[in-house]
Structures are given as structure tokens and as C-alpha cells.
Amino acid sequence: MKTSVLQKSMRIILGGLMVLAGIGHLTFQREEFQAQVPRWLPSSPEFMDFVVVASGVVEIGLGLAMIFLWKHQIKVGIVLAIFYVLIFPGNISQYTNGIDAFGLDTDRKRFIRLFFQPVLILWALWSTGALKHLMNKSKE
């Protein structure tokens with residue numbers, strides 16, 4: 001599927017942000033990201049760290065795929081959108097448990113953050129042409 005220059009640029013930007021976030025998971029923001037591990041999962045420090053590291057590796061992989069696998073951009077966009085859906089419970093957990101991280105130090109800020117996940121999902125789908133592809137498929 002052909003995408004516009006704006007879509008391509010936004011796909012590459014999102015890919016870069018994913019790589020940066022993934023690096024943060026593995027290094028300088030590792031503890032911060034543990035705040036987003038849902039509290040209904042095992043709460044041992046080792047398990048929580050594993051979840052953060054594993055999701056960081058996935059984020060780096062998806063970010064690189066967004067940048068370099070342009071021939072498969074629709075599939076990559078769908079997979080990234082699914083990833084955003086799968087990690088959303090962590091954002092909900094951070095809000096419902098009142099956990100401070102990333103400057104989200106009030107319930108209001110944590111609540112507002114919840115509305116950015118759909119934006120990321122749409123960004124992934126739109127920038128890769130997956131949104132148009134899925135809409136065309138639903139018309140068939």
C-alpha cells in the first residue's frame with residue numbers, strides 16, 4: 001500500500017520513539033517502567049524486571065521494523081497496534097493503583113495518559129497504511 005510522505009515520516013518517527021522507549025526499558029528508565037507492570041501479575045522484583053526487559057526488547061524490534069521493514073509496513077503497523085492494546089492494562093494499573101512514574105504523579109495526569117494509547121494505536125495503523133487497508137477489507 002502506498003503511503004504519503006507525511007505517513008512515511010510519521011512511521012519513521014514512531015519507530016524511532018519505539019526504539020528509544022525500548023532502550024529506556026533496558027537502561028535509564030528501567031525502574032520507571034516497572035510502575036506500569038500490572039499489579040495483578042506476580043509482583044516479585046525479578047518478574048517485574050523480566051516484564052520490563054522483555055517488553056523493551058519487543059519495542060526495539062517493533063521500532064526497527066517500523067523504520068526498516070517498509071515492504072511489510074501494514075503487517076508491522078497491525079502488530080504494533082496490537083502491542084499497544086496488550087500493554088494498555090499496565091497504564092490502567094498505574095492509574096488505578098496510583099503509582100507515580102514518568103512525571104505522572106497525580107490521578108488526573110495518570111487518567112489523561114490513558115487517552116494517549118488510542119492515539120498511538122491510530123498512529124501505528126495510519127502511518128503504515130494499515131488503517132486504510134483494514135477499512136477496505138471491511139467493505140469487501
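Q: Where does glutamine 36 lie?
A: This is a predicted model, in which local features need pLDDT of at least 70 and side-chain atom pairs count only at pLDDT 80 or more, while totals for chains, interfaces and linings use all residues. Residues are numbered from 1 along each chain as its sequence is written, and side-chain values use heavy atoms, leaving out hydrogens and water. Helices (H or I, at least four residues) and strands (E, at least two) are DSSP runs, numbered from the N terminus. On that numbering, glutamine 36 is in the loop between α2 (30-34) and α3.

Q: Is glutamine 36 buried or exposed?
A: Buried means under 20% relative accessible area, exposed means over 50%, and partly exposed is in between (1.4 Å probe, protein chains only). Glutamine 36 comes in at 16% relative accessibility, so this residue counts as buried.

Q: Which side chain makes a polar contact of 3.1 Å with the side chain of glutamine 36?
A: A polar contact is a pair of N or O atoms within 3.5 Å; within protein, one must be able to donate a hydrogen and the other to accept it, and residues adjacent in sequence count only if both atoms are side-chain atoms. Glutamine 36 has a side-chain polar contact of 3.3 Å with asparagine 91. The one at 3.1 Å goes to the side chain of glutamine 94.

Q: What is the phi of phenylalanine 102?
A: Glutamine 36 has phenylalanine 102 among its contacts (heavy atoms within 4.5 Å), leaving aside neighbours within four places in sequence. Phenylalanine 102 sits in the loop between α4 and α5, and at 31% relative accessibility it counts as partly exposed. Although this residue is not a glycine, its phi is positive, at about 60°.

Q: Which residue's side chain joins histidine 25 in a polar contact of 3.4 Å?
A: Histidine 25 is found in helix α1 (residues 5-26), and it counts as buried because its relative accessibility is 3%. Its side chain makes a polar contact of 3.3 Å with the side chain of serine 55. The 3.4 Å contact is with the side chain of glutamate 59.

Q: Which residues are linked in a network of salt bridges?
A: Arginine 110 meets aspartate 100 in a salt bridge (2.6 Å, N to O). Arginine 110 also meets aspartate 107 (2.8 Å, N to O). That makes a network of Asp100, Asp107 and Arg110.

Q: Why are arginine 110 and aspartate 107 separated by about one helical turn?
A: Aspartate 107 is partly exposed, with a relative accessible area of 43%, whereas arginine 110 is buried at 5%. The separation of about one turn comes about because both are in helix α5, three residues apart.

Q: How much accessible area do Ile13, Leu17, Leu20, Ile23 and Phe28 have together?
A: Patches are made of residues with over 30% relative accessible area and no salt bridge, joining like charges within 9 Å and nonpolar side chains (Val, Leu, Ile, Met, Phe, Trp, Tyr) within 5 Å. Accessible areas come from the Shrake-Rupley method with a 1.4 Å probe, and for residues only the protein chains shown count as cover. Isoleucine 13 lies in helix α1 and is partly exposed at 43%. Together, these five residues form a nonpolar surface patch with an accessible area of about 480 Å².

Q: How far apart in space are arginine 108 and isoleucine 13, C-alpha to C-alpha?
A: Arginine 108 is in helix α5 (residues 107-114), and its 67% relative accessibility makes it exposed. Arginine 108 and isoleucine 13 are 95 residues apart in sequence, and their C-alpha to C-alpha distance is 28 Å.

Technical notes
A salt bridge is a side-chain nitrogen of Lys or Arg within 4 Å of a carboxyl oxygen of Asp or Glu.
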